[in-house]
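Subject: Structure handover

Hello,

Here is the structure we talked about. Please open it first, then read my notes below.

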Amino acid sequence: MAAAAEGLESRETAAASKDAPRPAVESVDAGPGAPPFLAGNRLNLDLYPKGCHQLLHLCAQHHQQLLQVEFLRLSTHEDPQLLEATLAQVPGNLPHLRSLVLKGGQNRGALGACLQGTLTTLPTGLSTLAHLVHLDLSFNKLVTLPACVPQLRSLDTLLLSHNGLSELPETLGALHVLTFLTVTHNCLQKLPPALGALSALQQLDLSENLLDTLPPEIGGLSNLTELNLASNRLQSLPVSLVGLRSLRLLVLHSNFLTSVPAGLAHLPLLTRLDLRDNQLRHLPPELLDAPFVRLQGNPLGEASPDSLSPPGTPQVLEMPKLFLTSDLDSFPVTPQGCSVTLACGVRLRFPAGATTTPITVHYRLWLPEPALVSLGPHDSLLSGVLELWPHGVAFQQDVSLWLLFVPPRARRCHEVVVRTRRDNSWSDLETHLEEEAPKRLWARCQVPHFSWFLVVLRPVSNACLVPPEGTLLCSSGHPGVKVTFPPGATEEPRHVSMQVVHMAGRELRALLGEPEAAVSPLLCLSQSGPPSFLQPVTVQLPLPPGVTGERSLCHWVEETVLGRASQRPQPAALSCLGFSLDHSRLHLLYWAPPAATWDDITAQVVLELTHLYARFQVTHFSWSVLPRSPSLSSPSLVCTVHLTTDPPRYWLWYTTKSCVGGLARKAWERLRLHQVNLIALQRRRDPEQVLLQCLPRNKVDATLRRLLERYRGPEPSDTVEMFEGEKFFAAFERGIDVDADRPDCVEGRVCFVFYSHLKNLKEVYITTALDREAQAVRGQVSFYRGSVPVEVPQEAEAARQRKGADALWMATLPIKLPRLQGLKGHGKGARLSLAPLNLGDAETGFLTQSNLLSVAGRLGPDWPAVALHLGMPYRELQRIRHEFRDDLDGQIRHMLFSWAERQAGQPGAVELLLQALEQSDRQDVAEEVRAILELGRHKYQDSIRRTGLAAEDSALPGTSASQSTEPAQA
């Protein structure tokens, strides 16, 4: 998003938009016998399979229309020898060629990363293309610049990004009319002095390389307006830079700069100087006070480490710092190491020596959905899902990862961990918490591999390695819960883990309707190794609270008082040393997947009771419980589950109820359920904008107080219960529908996934086919459980009347679109006449005139802030206010469309708009724009697939095709 603000940081987008100076109309019409990919003076073969074969076939036929072709696009994902032979035919058959695009990157790997083409050089005969002004060789495997390139003396634009170039030749200085050069994401270690001879050069992008110095001759680029040197190894700058009098944008972030020339402050046209994330400790006052200078991430004012080191100590360069903007999805890592901050706030630290060879790391932040999130029955999600690839890459040193997460409301007996996936299984990493601000917390861990990562709140887990000598495992959250392993319990060491979950007594008593009912903490146990222990293991649980009196030293053993364990006592009070307990009301319950109910195993164990605890012995943690038999003295038990995400559980109950197993199942579900309310509010100044949110019951009042200044609507729904990670959807009914296509919208139904600590919020724009000039439209929005079905009844009255625990319908809230009083101030485009307008491109997505009108209709009083962040002068803003002083909508539309018309055809315009919206605290509109762009990209790819021009994208590893297309939550 900051690419437009930073200038040249997004030249791959520029590459798509700078396909040479294109004529307004095609100069030659395709004849009746022309192939479909030969349109006028353009020959586009980059999206067609076997493009080289197609071109060779045309050349062999000596097709007359080839002589008129000025624009050629050819994919380099071809056999290298075939590609070389095809390019050798170009000069003789396309003599009037003005633009040649030989890009890789159209194909993607299994993880979605762009693949480089096979191009390693160019035929020398291409130097005869006297009319060529535009050459794009991005995403290939060039190690040196082909010798024919500097001989193309008419070349105006040269794109070399994402190759393996380590240097540029001196002969490059012969391109005297070159105005645009990008060599980003290469391995350049130095620049030729002849670069200064490119006197016509206006835009130069050398970011993401290995440059440590710049030649003084760079000051000779008298017409240079934009220079990007971000993410290199520069320690100083030549003084000659102050001679770049045409320079408007200078990007130097993520280097090792310790000083910069003071004269940069006096460049007459400079509007942005980006010095973030360097080693600047001192700056000239004129730069410190300049409003166009960015200095975040520098140790300004700090003492130099050299002054604290003894004389003769060799200087050690500080680790490179990279600050990625939202338009970048990858970054380089070298053996020197680096510190990286992603646009989403995630931080990584690669120590020196972590990798022996340079690699490129890609990342993506996924919105949480069940296909990507692994949660236990008592876990809560605290973050989105971060994917880093190449997956499974091994590092020589530990790589540190910091993930931002939502602070949990309560952490008693719970802990925050980073969960990761590897080989189709999930595991939790050792996690440390760091607090940057009261509500800004980081989860830090050491990354053993690259895969998917998320932050989870889980019950406190304790684990130990059980040796043959035996050991004791205690719960850190509930000290009374212990497991004792005697000597000889195992021959080989094995891992054992436990989790303890607490249930509030008032919830249980409300569920059972029994004032004296009580339960112990819920104990979950799992182990590795053989299923059985060689010696009985003793498990200790606290007695349910309130069950015993205050007198102590009571010891009662069922086997000695009543005989065998299988003989249950009669329902009468038992006492010992003043201790009173009705033993018939005490039940030890057990559950293991995939059982549907809890089993009462009280008669199958020997319970030893003290005044505080109950102890029993087992030889394994997973049971196959046999029917009770009066003659059964010791049950036959079989272990079936080990180290599962749903481990076996033990629970001690004290109740007079029968069928305790069924009650325990309901209580266990209640532990996992969240009581929530659903809200639907309409923005006061724009009723067509609807906010939908699912809130925990205890956050409803505070949230509504904050929202009702800008929104209004009905009271929240009645309380409903939802599981963590449960899917649901909102359906607009009675004449109201969603206004625009959205990736998370299926047939007008907006998809959600409930996560108790995340926002569960979406803002949508609605419309109606009814006549609002005649009367107001009174519709509604209904919420239903589950994924969006193929068919949803328009009015699910029967489901509402049958509301129950398993009912599909959850709530219905009214939505009203007020009556329109004519077209004044309401019609989109009233008093507005504009030429057709598109911002963006087919691959990244378009913003059309209709989209911009929708954005304009939703800015309201925030439009001046957006205008200033778009770079509009304050004087122009005041002029618009005066000219449209009685028409707020006119002010907004004139501002937005006058800016859009100036940006037409310019790279980075959409990203600049998104950045301005976010900086103006209009994240809701920014997210809507992103949804429009994402939908446009999907439609573009689908259109290519339907015509058979591209292969299907690979689905996410570990998910099915249906899962990969599941809409994500906004």
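What share of the contacts in the protein chain with a separation of 6 or more comes from residues 24 or more positions apart? The share is 62%, where contact means heavy atoms within 4.5 Å.

Some ground rules. This is a predicted model, in which local features need pLDDT of at least 70 and side-chain atom pairs count only at pLDDT 80 or more, while totals for chains, interfaces and linings use all residues. Residues are numbered from 1 along each chain as its sequence is written, and side-chain values use heavy atoms, with hydrogens and water left out.

Overall picture. The protein chain has 19 helices and 53 strands. These are DSSP runs numbered from the N terminus: helices are H or I with at least four residues, strands are E with at least two. Of the 970 residues in the protein chain, 51% are buried. Buried means under 20% relative accessible area, exposed means over 50%, and partly exposed lies in between (1.4 Å probe, protein chains only).

Now the sheet around β45. Five strands form an open sheet in the order β47-β48-β45-β50-β51, with antiparallel pairing. Two strands pair if DSSP finds at least two bridges between them. The edge strands, β47 (745-746) and β51 (809-817), each pair on one side only. Strand β45 covers residues 727-733, and seven of its seven residues are buried, so it is largely enclosed by the rest of the structure. In a regular strand the side chains alternate between the two faces of the sheet. Here Lys727, Phe729, Ala731 and Glu733 point one way. Phe728, Ala730 and Phe732 point the other way.

The partners of β45 are as follows.
- β48 (residues 749-753) runs antiparallel to β45, joined by five bridges. Phenylalanine 729 stands opposite cysteine 751 there.
- β50 (residues 777-785) pairs with β45 over six bridges, also in the antiparallel sense. Alanine 731 faces serine 782, and glutamate 733 stands opposite glutamine 780.

Next, helix α4 (residues 80-88). Leu82, Leu83, Thr86 and Leu87 are buried. They cover an arc of only 130 degrees around the axis, which puts them on the same side of α4. The arc is that of the directions from the helix axis to the C-beta atoms. Gln81 and Glu84 are exposed on the other side of α4. The buried residues of α4 pack against α3 (51-60) and α5 (90-93).

Cavities. A cavity is a set of points on a 1 Å grid over the protein atoms alone where a 1.4 Å probe fits but cannot get out; lining residues have an atom within 4 Å of a point. Grid points are joined across faces, edges and corners, and a volume is the space filled by probe spheres set on the points. There are three cavities of 30 Å³ or more. The largest cavity has a volume of about 140 Å³. It is lined by 15 residues, and those closest to its centre are Ser231, Pro320, Leu322, Pro332 and Thr334.

Last, proline 358. Proline 358 sits in the loop between β16 (347-350) and β17 (359-366). At 57% relative accessibility, proline 358 counts as exposed. Proline 358 touches Val333, Thr334 and Pro335, not counting residues up to four places away in sequence. Threonine 334 is 24 residues from proline 358 in sequence, yet 4.3 Å away in space, C-alpha to C-alpha.

Best regards

Key. On a 1 Å grid over the protein atoms alone, a cavity is a set of points where a 1.4 Å probe fits but cannot get out, and a pocket is an open set with protein on both sides within 12 Å along at least five of seven lines; lining residues have an atom within 4 Å of a point.
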